[in-house]
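Q: Hey, I've got a structure to look at for class. Could you walk me through it?

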Amino acid sequence: FNAHRATLAGFAHCRSREELHIVRDGWLLALASDLCPDEYAPVRNRIVLDPAVAAGSAGGGAGGKADDAEDTADPTAEKDDGGALARTVTSARKSPAWDNLTRA
């Protein structure tokens, strides 16, 4: 629990349903990495290989959004941490293994 305290703190800053869903799915990813590594591994591979996530991490700055990244109305994308979390969650959701992870 304490290892994922920063993710939990994200719930306090949610201003919309979409932000809430992003933090919820980030929390799910954090828990899955510890509790169901077999289901998490293919999703993690998708995130690691996603150029939008890598470009955002390297880009820094406000939001650090890649040029070809999906446009979003998510206000957390304006902040470095929120934008990184939103990019990571968006990538994870695109993984073919996402449904398996959410059912684990």
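A: The expected span is 1.5 Å times one less than the number of residues. Before we go on: this is a predicted model, where local features need pLDDT of at least 70 and side-chain atom pairs count only at pLDDT 80 or more, while totals for chains, interfaces and linings use all residues. Residues are numbered from 1 along each chain as its sequence is written, and side-chain values use heavy atoms, with hydrogens and water left out.

Q: Got it. How many helices and strands does the protein chain have?
A: There are six helices and zero strands. Along the sequence, the pattern reads α-α-α-α-α-α. Helices (H or I, at least four residues) and strands (E, at least two) are DSSP runs, numbered from the N terminus.

Q: Which residues in helix 3 are buried?
A: Tyr40, Val43 and Ile47 are buried there. Buried means under 20% relative accessible area, exposed means over 50%, and partly exposed is in between (1.4 Å probe, protein chains only). For the protein chain, buried residues make up 36% of the 104 residues.

Q: What does Ile47 touch?
A: Leaving aside neighbours within four places in sequence, Ile47 is in contact with Leu29, Val53, Thr88, Ser91 and Ala92. Contact means heavy atoms within 4.5 Å.

Q: Ser91 is on that list. Where does Ser91 lie?
A: Ser91 lies in helix 5, and with a relative accessible area of 1% it is buried. Not counting residues up to four places away in sequence, Ser91 touches Arg46, Ile47, Asp50 and Val53.

Q: Which residues of the largest nonpolar core touch the most other members?
A: Of the 14 residues in that core, they are Leu29, Val43, Ile47, Ala92, Trp98 and Leu101. Helix 2, helix 3 (37-49), helix 5 and helix 6 (98-103) are the elements that give two or more residues to this core. A nonpolar core is a set of buried Ala, Val, Leu, Ile, Met, Phe, Trp, Tyr and Cys residues joined through side-chain atoms within 4.5 Å.

Q: Okay, helix 2 now. What's its length, end to end?
A: The end C-alpha atoms of helix 2 are 26 Å apart, and that agrees with the 27 Å its 19 residues should span at 1.5 Å a residue. Its buried residues include Glu19, Ile22, Val23 and Asp25.

Q: What's a salt bridge here?
A: A salt bridge is a side-chain nitrogen of Lys or Arg within 4 Å of a carboxyl oxygen of Asp or Glu. Side chains of opposite charge can pair when their charged atoms come close. By this rule the count is five salt bridges.

Q: And which polar atoms lie by the backbone nitrogen of Arg15 or Glu19?
A: A polar atom of the Glu19 side chain lies 2.7 Å from the backbone nitrogen of Arg15. The backbone nitrogen of Glu19, in turn, lies 3.2 Å from a polar atom of the Ser16 side chain. A polar contact is a pair of N or O atoms within 3.5 Å; within protein, one must be able to donate a hydrogen and the other to accept it, and residues adjacent in sequence count only if both atoms are side-chain atoms. Ser16 has its place in the loop between helix 1 (5-9) and helix 2, and is partly exposed at 31%.

Q: Back to salt bridges: what does Glu18 pair with?
A: Glu18 pairs with Arg93, the closest N and O atoms being 3.5 Å apart. That pair links distant parts of the chain: Glu18 is in helix 2 (residues 17-35) and Arg93 is in helix 5 (residues 80-94), 75 residues apart. Both are partly exposed, Glu18 at 37% and Arg93 at 28%.
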